[in-house]
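Please consult the sequence and the coordinates alongside the text.

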Amino acid sequence: MTRSWGGRAAGLLVACVVLLGVVLLSLLAGNQWFGPHDVYVAAADFTGSDTDRVIRYLRFPRTAAGLLAGAALGLAGAVMQGITRNPLADPGILGVNAGAALAVVAAIGLLGVQSLTGYVWFAMGGALIATVVVYLVGSVGRGGATPVKLALAGAALSALLGSVTSAITLLDLSTLNEFRFWVVGSLTMATGGIVTQALPFIAAGIVLALTLGSSLNQLALGEDLAATLGTRIGLVRVLAALAVMLLAGTATAMAGPIAFVGLAVPHVARALVGADYRWILPWSLVLAPTVLLLADVVGRLVARPDELQVGIITALIGAPLFIALVRRRKLAEL
Amino acid sequence: MKALRIGPFSTRVDVASIVVSVIACALTLVIAAVSLTLGDYEIPLPQVLNTLAGKGSLIMTDVVVNNRLPRVLVGMGVGAAFAISGAIFQRLARNPLVSPDLIGINAGAALAAVLMITVFGSAVSWLPAGALIGSLLTATSIYLLAYKKGIAGYRLVLVGIGITAIVGSITAYLLTLADIYTAKTASMWLAGSLAGRSWPHAILIGITLLVLVPAAVAGSRQLRLLELGDDLARTLAGRVELSRGLLIAVGVGLAGLATAAAGPIGFVALVAPQLARRLVAERVAGLLAAGAIGALLVVASDLLAREIFAPTALPVGVVTAFLGAPYLLILMARANRVGRGG
């Protein structure tokens, strides 16, 4: 692909068109296939028929949740990879989703919080604490936060948080019953209400993340050089942590802890448009929901009449990519 | 370390290691005795000992011998098995973070076991075989995927994290397929639990230790050579890969069968060898010292798990994670500070 401004912009436009196609596919595909006309009727000329109800109350929220969660996780991954200069960064691997998950489970199971607007704050708090802890543990000592140290800190923290989460869920059968469908990472629990509640948080995160492009570019040169160039590193870190908190926290509250989308998509974007974060961020924003919705459609179709949850599909696709990245020789280079 | 000579035979005796092992064993026995007295109703210690000697009433025998004793024995056994497995892996990889729970071997055994629980019901008879096969398959795939002109410790761990993600998501998927009661059983088991363990579990882990620990100890002489580095070990011992493979198989078998008996109790394999190493003040931990401390950790954690939230008993794995994970984070921070964290 051409790396000129026009080429990248045209490519991004094509990616948007592809995303629209995938959105349409997500509305049509499933155990029951619909035609484009059915979607139009359900949206504009609602009759209350079974088809209309399925599309309106199941497929629309599900697709919208996929769009939001995908965009959020992709951007969160890109920001994390940029700020830590770490090719293995992902909200799932670094334990951010596990932090959000624990907070949500605690809010629901122990405090009886019901609505997403109630527990999204817990999710974001959990995400933020996990982010800070992983970064602190991973960056102590010589060489700062190397990829390996961060990934290990994330794995350790995930294990700790996961066992606390399971302790809470094991205390109460109904919490466990909700939790087991949520923890795989699924778009099916999203209702129109949940999506509407999540929208402002994710929108704020997206805006914040997109402003970080040129700062991340300068950070990529190394902290010293970035500081010389006038980047306020501390401020950029705080803004990035806030963006990750908004994006990963809300996405996890909405769709459960989905891993590897945030890992894979920025790498694809980087391969397509080069190392410029001003392009990687918007590309991740468009590519990630495409990937997540495609994974969701695949999950609906492979095990009919049952479904594979989207989190399973992303793990099955993403983990091999993670291993391939690990096997590459120069892990530290980004 | 001292040399012990009896006539023509001589062997090296590690005094510190023996002292640590003996103290850990003694503490384990004390805690085990306390565990036997506590439960739905308390039985004074003399009466417990009396019952163990075969002089108790029928109901006492049922509670102590058939109910509480196997649970304590399974706890000791799996603690020792996980810890020795961890010691083997940490020494082979020359990396304190390479332990069967962190690199995904327990997760593989757990997936196989959850598959059997959800598909065939939780019959104990086939669970060990399934868990063993699961752990061996996972270990083999991790080893092959991490192999690249040799094995680097950090690559092993990272590949293990990737494999754990796949295996864990399949396990989570299986849980969504089961009915809620099966899911509860499987989740309880996944957290690592000694609840309801009976004599078959105790016998399983006992046989595992009897067969595999001597093999591990025999292999640990080779281990000392391996620790001198691949090149040197090859010059000195020749068949490095063979003995390494055997040791890995022993380590995987210990972790897999312990998982079969009590679920993937986390962090014991990681923490126990490190504790042993620090207490003995040696560069590497003796397998037996690590095993004794592992047994102590699990039995003590189980006592805590039963008593903290009594009458609701937590799975023991939650307590070991609570104790172990902060230790791991500190360990990493310290390893990082001296520049060995990768």
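The sections below take up confidence, the contact between chains, and a few local features.

**Confidence**

The structure is a predicted model, with an ipTM of 0.81 and a pTM of 0.82. In chain B the mean pLDDT is 81, and 84% of the residues score at least 70. Among the elements of chain B, the highest mean pLDDT, 90, belongs to helix 12 (residues 287–308) of chain B, and the lowest, 56, to strand 2 (residues 9–13) of chain B. Where pLDDT is low, the predicted coordinates should not be read in detail.

**Contact between chains A and B**

The two chains meet through 41 residues of chain B and 40 residues of chain A. On the side of chain B that touches chain A, the elements giving two or more residues are helix 6 (153–177), helix 7 (180–190) and helix 13 (316–337) of chain B. Helix 6 of chain B supplies the largest share, 14 residues. The table divides this side of chain B by residue class.

| Class on the side of chain B that touches chain A | Count |
|---|---|
| Nonpolar | 26 residues |
| Polar | 11 residues |

**Ile31(B)**

Ile31(B) belongs to helix 1 (residues 15–37) of chain B. This residue counts as buried because 22 C-beta neighbours lie inside 10 Å, and the cut-off is 20 or more. When neighbours within four places in sequence are left aside, Ile31(B) is in contact with Val299(B), Ala300(B) and Leu303(B). The C-alpha atoms of Ile31(B) and Ala300(B) are 6.4 Å apart, although the two residues are separated by 269 residues in sequence.

**Helix 11 of chain B**

Helix 11 (residues 268–280) of chain B has 13 residues, which at 1.5 Å a residue should span 18 Å; the end C-alpha atoms are 18 Å apart, so the two values agree. The expected span uses one less than the number of residues. This helix is mostly covered, with 11 of its 13 residues buried. Among the buried residues of helix 11 of chain B are Pro273(B), Gln274(B), Arg277(B) and Val280(B). Just after helix 11 of chain B, Ala281(B) adopts a positive phi of about 55 degrees.

**Helix 7 of chain A**

In helix 7 (residues 173–182) of chain A, the buried residues are Leu176(A), Phe179(A), Arg180(A) and Trp182(A). These residues lie on the same side of helix 7 of chain A, because they cover an arc of only 160 degrees around the axis. An α-helix has 3.6 residues a turn, so residues three or four places apart point the same way.

Note on methods:
Residues numbered from 1 in each chain as written. Chains lettered and ligands numbered in written order. Predicted model: local features only at pLDDT ≥ 70, side-chain atom pairs only at ≥ 80, totals over all residues. Helix = DSSP H or I, 4+ residues; strand = E, 2+ residues; numbered from the N terminus. Buried ≥ 20, exposed ≤ 12 C-beta atoms within 10 Å, placed from the backbone. Contact = placed C-beta atoms within 7 Å. Nonpolar A, V, L, I, M, F, W, Y, C, P; charged D, E, K, R; others polar. pLDDT = per-residue confidence, 0-100. Arc of directions from axis to C-beta.
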